[in-house]
Amino acid sequence: MPSADLKANRPLSPHIFIYRWPVTMVMSILHRLTGSALYVGTALLAWWLIAAAVSEHAFAIANGFLGSWLGILILFGYSWAILHHMLGGLRHLIWDFGVGLGKEARNALAWGTLIGSGVLTVLLWAVGLAVR
């Protein structure tokens, strides 16, 4: 039998375009991504604080950027990343106690992390804008 026929009849191994991602896997990836995003957001926060300490001109530049539509979008994403990472950490803390390790409980905690971080972010921004 030619080697081309052997290759054509071999099954495909699961890969990113075939394999259905479980919600817990997506949350694991998002937890890592939000942890990385927190570095960038914290650097922006430090830039804003340092600019406030340096001079009015430096603070005006930092405040102008963070007050622009792009800056507000970045701050919104930063606040979502903080809340999502925090809820993901609480999910892992629950698992450390040996609770919620079943399939249904794992999926419920993962969906709760995702939905909870979105709701808390919108609530945080609504309260912040109302107080402002």
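The legends below describe close-up views of a predicted model.

**View 1. Confidence along the predicted protein chain.** The mean pLDDT of the protein chain is 91, and 87% of the residues score at least 70. Confidence is lowest in helix α1 (residues 3-9), where the mean is 60. Helix α3 (residues 56-66) has the highest confidence, at 97. Where pLDDT is low, the predicted coordinates should not be read in detail.

**View 2. A nonpolar surface patch of about 940 Å².** The patch is made by Met86, Leu90, Leu93, Ile94, Phe97, Val99, Leu120, Leu123, Val127 and Val131. Helices α4 (69-96) and α5 (103-131) are the elements that give two or more residues to this patch.

**View 3. Phenylalanine 97 in the loop between α4 and α5.** Phenylalanine 97 is one of the residues of the nonpolar patch. Its relative accessible area is 66%; phenylalanine 97 is therefore classed as exposed, the cut-off being over 50%.

**View 4. The largest pocket, with a volume of about 360 Å³.** The pocket is lined by 13 residues. Those closest to its centre are Asn63, Leu66, Gly67, Leu75 and Trp125. At least two lining residues come from each of α2 (23-54), α3 and α4.

**View 5. Alanine 60 in helix α3.** Tryptophan 48 lies 12 residues from alanine 60 along the chain, and the C-alpha atoms of the two residues are separated by 9.5 Å.

Note on methods
Residues numbered from 1 in each chain as written. Predicted model: local features only at pLDDT ≥ 70, side-chain atom pairs only at ≥ 80, totals over all residues. Heavy atoms only, no water. pLDDT = per-residue confidence, 0-100. Helix = DSSP H or I, 4+ residues; strand = E, 2+ residues; numbered from the N terminus. Patch = residues over 30% accessible without salt bridge, like charges linked within 9 Å, V, L, I, M, F, W, Y side chains within 5 Å. Areas by Shrake-Rupley, 256 points an atom, 1.4 Å probe, with all protein chains shown as cover. Salt bridge = Lys/Arg side-chain N within 4 Å of Asp/Glu carboxyl O. Buried < 20%, exposed > 50% of the residue type's maximum accessible area, 1.4 Å probe, protein only. 1 Å grid on protein atoms, 1.4 Å probe; cavity = no way out; pocket = protein on both sides within 12 Å on 5 of 7 lines; lining within 4 Å. Points joined across faces, edges and corners; volume = space filled by probe spheres on them.
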